[in-house]
Amino acid sequence: MVGTKTSPSLLYMIKQVELVVRSHLDDLLRPSGITALQYTSLTVLERHDGLSAAQLARDSFVTAQSVADVVRALESRGLVRRERNPRNRRELLILLTESGRDLLARHAEPVRDLEERMVSDLTAHQTDQFRLALSKAWHSLS
């Protein structure tokens, strides 16, 4: 039928949400001098400190080259440090510093506010369902 509009694909809609969230997150983080990608890496380390670069890359959804750049930038700002893995002296572990923890603490509320704004038109149950659906979609493709 000519003139019939179809709904956008889910992939398109997910990308739209990702882009708008990233834009707002970049605006929120800009005064601290870090990017959304750097922030994501810091939050991964907050949950699982002492990761190898390879694991940090996987958990941050970036390439090994990208994570190397991120770690260098964060280390130069004193937000992370690297130290030898005592079980494998060839491997460096990436650890969050107190400065990194402080930065995350300063942004916790504004980031939470952004997330709440994103789901403000949803009920608590719909938000839980949305979180569950996103988790299931991610697991289906992983």
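In what kind of crossing does helix 2 pass helix 3, left-handed or right-handed?

1. Ground rules. This is a predicted model, with local features needing pLDDT of at least 70 and side-chain atom pairs pLDDT 80 or more, while totals for chains, interfaces and linings use all residues. Residues count from 1 along each chain as its sequence is written, and side-chain values use heavy atoms, leaving out hydrogens and water.

2. The crossing. Helix 2 goes past helix 3 in a right-handed crossing (the near helix is turned clockwise from the far one by less than a right angle). Helices here are DSSP runs of H or I, at least four residues, numbered from the N terminus.

3. The angle. Helix 2 (residues 36–47) packs on helix 3 (residues 53–60) at about 115°, axes 9 Å apart. Axes are lines fitted to C-alpha atoms over the stretch in contact, and angles run from 0 to 180 degrees between N-to-C directions. The two helices are therefore roughly perpendicular (65 to 115 degrees).

4. Who touches whom. From helix 2, L37, T40, S41, V44 and L45 meet L56, D59 and S60 of helix 3; contact means heavy atoms within 4.5 Å. These residues split into 4 nonpolar, 3 polar and 1 charged (Ala, Val, Leu, Ile, Met, Phe, Trp, Tyr, Cys and Pro are nonpolar; Asp, Glu, Lys and Arg charged; the others, Gly among them, polar).

5. The pocket lining. Helix 1 (10–29) gives the largest share of the lining of the largest pocket, 11 residues. Helix 2 and helix 3 are among the helices supplying at least two residues each. By class, this lining has 23 nonpolar, 9 polar and 8 charged residues.

Technical notes: Parallel < 35°, antiparallel > 145°, perpendicular 65-115°, else oblique.
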